[in-house]
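Please look at the model first, then read on.

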Amino acid sequence: MTKDKMGVLGENLIGYENSSEGELKFKTFNPLLNEENPWIFCQASSKEVERAAKKAREAFPTFSSLPGSRRAAFLEAIALEMETNRETILETYVAESGLPVGRAEGEFARTLGQINRFANIARTGQWAEPIIDITDNVDIRKTNMPIGPIVVFGASNFPLAFSTAGGDTVSAFAVGCPVLVKAHPMHSGTSSLVAQAIFRAARETEMPDGTFSHLLDWDNSVGEALVKHPEIQAVGFTGSLKGGLALNRFSQERENPIPVFAEMGSINPVVVLPKIIEEQGLHWATALAGSINLGAGQFCTNPGLLIGIEDSSFTTFIDQLADALSEQKPSCMLHPKIFETYRRSVDRMEQLGAIVLHRKQSDETTNFAVPRLVKVPGAMFTGNVELHQEVFGPFSMVVCCRDKEELNKLVANLEGQLTGTILANKEELETYADTIASLQSKVGRLIFNGVPTGVEVCSAMQHGGPYPATTDSRFTSVGDDAVKRWIRPVAFQNWPDPALPAPIQNDNPLNLLRKFNGDYTSQRL
Ligand code: NAP
């Protein structure tokens, strides 16, 4: 890739201004070649952070009051700009992540799909969810309004779909919030290319200066300054528990704390019930092996915990799973640091007493991880919370319970999770109803006879869960409801009709479905 193709790669975008005032320079890393990429990036200075935040504040009133169709056109222009630069973006993505081309292409398509989906959401405007109550005494009308400028942190494991033009950014644009993206340092090149696509789309569709800024950093300082900046009204983050908690703490240190929507990790328990394993053990061993190793296990929905009741079928199932995993090829992890953390975390599980079931560990070469599987007894798992920690990578822990009572105790002691899975036959749905209810109370998405990886982008998706999976289990970062993180309800009491926001005016000019005195209708008043 040439410098020309990369355009102004390396600089920050402060609204419509390219800027590289900071002194700290850095490079990204190619884990496949185990060497640095050639491009040089410039960390944003505190003055650049200040200008980006000020521009976002100035852009907010205009951007948020544009008709939804204008914001939809902006979003569609982003998708077109990305499509035009597809090859360069994909090439850079692979060079900065080590992920295979097929995965890059799949994530690219998903990202464009998300952008176009949120363009439709912007166009219909139904996110306003208008409610009107008119009684003899009072006229109260409530509608959702955009919260203000937000910060989005790019996620290391999704350089496109959870990064610069990912679900957080485009859901915020759909409802009228300016966005400041803090690029993930590991894929600053991919992020810069996508940022340039957003920049061009914003120009073409005449969005106000400051609707979007893109800031690069190598250490934590830019992220901290952004979360603490008084103009910022909310934060979107996907990453480690440590990182998410740090951002939450920064918010609490502000004079006016703001919501931090952090997705911070999950071990995604799979409860493997006896009868289904007796009937279909090999099928589920094969399916789970594929899910554990998918994307080198670097998914927030990776099945990191498999819980069952020890009997001969479960023992056979574990052997089949270990065999299926040993057939999987080593896969490249995102970065040497993530690879080293993976190895250290599995070693730590072994030090804590987990029994090793995986094979072919000797095949592991720099940055290329082999899937690993360990086993612990139920009582040991329940008694040591260190065993509950996420191992980011192609890893899973099998927990063998003595009986149903021990299984139920274990599930009751689990921390909050993004997903929980039940592998069961029909009869077990009844006999284990208490186990299922207990698991349901821990998770955002409950899966029946499936694997947790693969998060469909649709209206009904819930990608969030009780702490520590996320900071607020009421919200989702995937699917249409992702917009709910960036809006807040405002009620208008006894206001003259022309002075009301369009969603709650008598004529219903946006033709929205509204709740009027308790009934849903799209009629005018
Ligand atoms: P991370 O360390 O949490 O970093 C994510 C983003 O947050 C980066 O942009 C980082 O910026 C920023 N950040 C982190 N701590 C910060 C702090 N104290 N102050 C300001 N900004 C901060 O996650 P990662 O780099 O993606 O990967 C590290 C580990 O996170 C992985 O090994 C894995 O365990 C976990 N992870 C989990 C998931 C999941 O979905 N479960 C996804 C991704 C990662 P800087 O790099 O500039 O500091």
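## The second largest pocket

Strand β8 (139-146) gives the largest share of the lining of the second largest pocket, 4 residues. Helices and strands here are DSSP runs, numbered from the N terminus (helices H or I, at least four residues; strands E, at least two). The model is predicted: local features need pLDDT of at least 70, side-chain atom pairs count only at pLDDT 80 or more, and totals for chains, interfaces and linings use all residues. Residues are numbered from 1 along each chain as its sequence is written, and side-chain values use heavy atoms, with hydrogens and water left out.

About 460 Å³ of space lies in this pocket. It has 22 lining residues, and Ser-64, Leu-66, Arg-71, Pro-503 and Leu-510 are the closest to its centre. At least two lining residues each come from α2 (46-65), α3, α5 (101-124) and β8. By class, the lining has 12 nonpolar, 8 polar and 2 charged residues. (Ala, Val, Leu, Ile, Met, Phe, Trp, Tyr, Cys and Pro count as nonpolar; Asp, Glu, Lys and Arg as charged; the others, Gly among them, as polar.)

## How space is found

Rolling a probe the size of a water molecule over the atoms shows where empty space is left. The search uses a 1 Å grid over the protein atoms alone; a cavity is a set of points where a 1.4 Å probe fits but cannot get out, a pocket is an open set with protein on both sides within 12 Å along at least five of seven lines, and lining residues have an atom within 4 Å of a point. Grid points are joined across faces, edges and corners, and a volume is the space filled by probe spheres set on the points.

## Cavities

The structure has 6 cavities of 30 Å³ or more. The largest share, 3 residues, is from β13. The lining of the largest cavity splits into 4 nonpolar, 7 polar and 3 charged residues.

## Helix α3 against α7

Helix α3 (residues 68-84) packs on helix α7 (residues 188-204) at about 135 degrees, with axes 8 Å apart. Axes are lines fitted to C-alpha atoms, for helices over the stretch in contact, and angles run from 0 to 180 degrees between N-to-C directions. The two helices are therefore oblique to each other. (Under 35 degrees counts as roughly parallel, over 145 as roughly antiparallel, 65 to 115 as roughly perpendicular, and the rest as oblique.)

The crossing of α3 and α7 is right-handed; the near helix is then turned clockwise from the far one by less than a right angle, and anticlockwise if left-handed. Contact (heavy atoms within 4.5 Å) involves Phe-74, Ala-77, Ile-78, Glu-81 and Met-82 of α3, and residues of α7 including Val-194, Ile-198 and Arg-200. This contact has 9 nonpolar, no polar and 3 charged residues.

## Two roughly parallel pairs

The axes of α10 (residues 274-293) and α11 (residues 312-326) come within 8 Å and cross at roughly 30 degrees. They are therefore roughly parallel. The crossing of α10 and α11 is right-handed. Among the contact residues are Trp-284 of α10 and Phe-317 of α11.

Helices α14 (residues 404-412) and α16 (residues 433-440) have axes within 9 Å, crossing at roughly 15 degrees. The crossing of α14 and α16 is left-handed.
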